[in-house]
Amino acid sequence: VFACVKLISESVATLPLHAYTRRSDGTRGRISLPSSIASPVGGGFTTAWIQRPIVSMLLHGNAYGLVTGWTSQGWPSGVAWLPPTQVSYESDAKQWRVKGIPVTPESLLHIPGLTQPGSVLGVSPVSALAMTFDAGWAAQSATRQWSRNNAVPSFRAKNTALTLTPEAADAAASRLRAKVRNGEPLVTGKHWDL
């Protein structure tokens, strides 16, 4: 996972960046990079600033940035990337929170990774893989147990005529379990229900 995230995020972060604007005559013209990208909040290199949201999207499914200012054209003049674990979204109230404190949607830049229809939040690839792995592991465990039981499902034995002491019940259960696991026939007296 580390190697994949490193390779993808570094590859994206080192791509050449170009900014364009649409002129009044409808043509497109190249301009210098916006200050939010060319001079990232907190200093540092643009590549590191670009890499942070990519890593967040790849590991957590979402990238969140706190908008620190606005240009006269209405674009963010600065974005400080936040750890995804500090941001939450309440879908019923449509409310974003940073460290538990409500924030306006305009002050938060949210970039989801892979999203499902109707969902605001992206799906964490790591969480999705963990759920798939857990389901596979549970299936393997069930298959392993099924094989250990010689393909015999769980069952319950009940004596309908006698009230057994705990010791007698344990002895009967041990004999029954041993016979079933060995694939041997079980011979009992009357008054037993399986």
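The questions and answers below look at the pockets and aromatic rings of a predicted model.

User: What kind of model is this, and what pLDDT do local features need?

Analyst: Residues are numbered from 1 along each chain as its sequence is written, and side-chain values use heavy atoms, with hydrogens and water left out. The model is predicted, totals for chains, interfaces and linings use all residues, side-chain atom pairs count only at pLDDT 80 or more, and local features need pLDDT of at least 70.

User: Which residues lie nearest the centre of the largest pocket?

Analyst: A pocket is an open set of points on a 1 Å grid over the protein atoms alone, where a 1.4 Å probe fits, with protein on both sides within 12 Å along at least five of seven lines, and its lining residues have an atom within 4 Å of a point. The largest pocket holds about 470 Å³ of space, the volume being the space filled by probe spheres set on the points. Its lining is made by 21 residues, and those nearest the centre are Pro34, Ser36, Ile37, Trp75 and Pro76.

User: How many charged residues are in the lining of the largest pocket?

Analyst: Ala, Val, Leu, Ile, Met, Phe, Trp, Tyr, Cys and Pro count as nonpolar, Asp, Glu, Lys and Arg as charged, and the others, Gly among them, as polar. By these classes the lining of the largest pocket has 15 nonpolar residues, 6 polar residues and no charged residues.

User: Which element gives the most to the lining of the second largest pocket?

Analyst: The second largest pocket, with a volume of about 280 Å³, is lined by 13 residues. Helices (H or I, at least four residues) and strands (E, at least two) are DSSP runs, numbered from the N terminus. With 5 residues, the element that gives the most to this lining is H5.

User: How many residues apart in sequence are the parts tied together by tryptophan 49 and tryptophan 81?

Analyst: Rings of Phe, Tyr and Trp (its six-membered ring) pair if their centres lie within 6.5 Å, and planes under 30 degrees apart count as stacked, over 60 as edge-to-face and the rest as tilted. Tryptophan 49 and tryptophan 81 form a tilted pair, 5.3 Å centre to centre with 45° between the planes. Because tryptophan 49 lies in helix H3 and tryptophan 81 in strand S4, the pair ties together parts whose separation in sequence is 32 residues.

User: Are tyrosine 89 and tryptophan 96 buried or exposed?

Analyst: Buried means under 20% relative accessible area, exposed over 50%, and partly exposed in between (1.4 Å probe, protein chains only). Ring pairs link Tyr64, Tyr89 and Trp96 into a cluster, and of these tyrosine 89 and tryptophan 96 are both buried.
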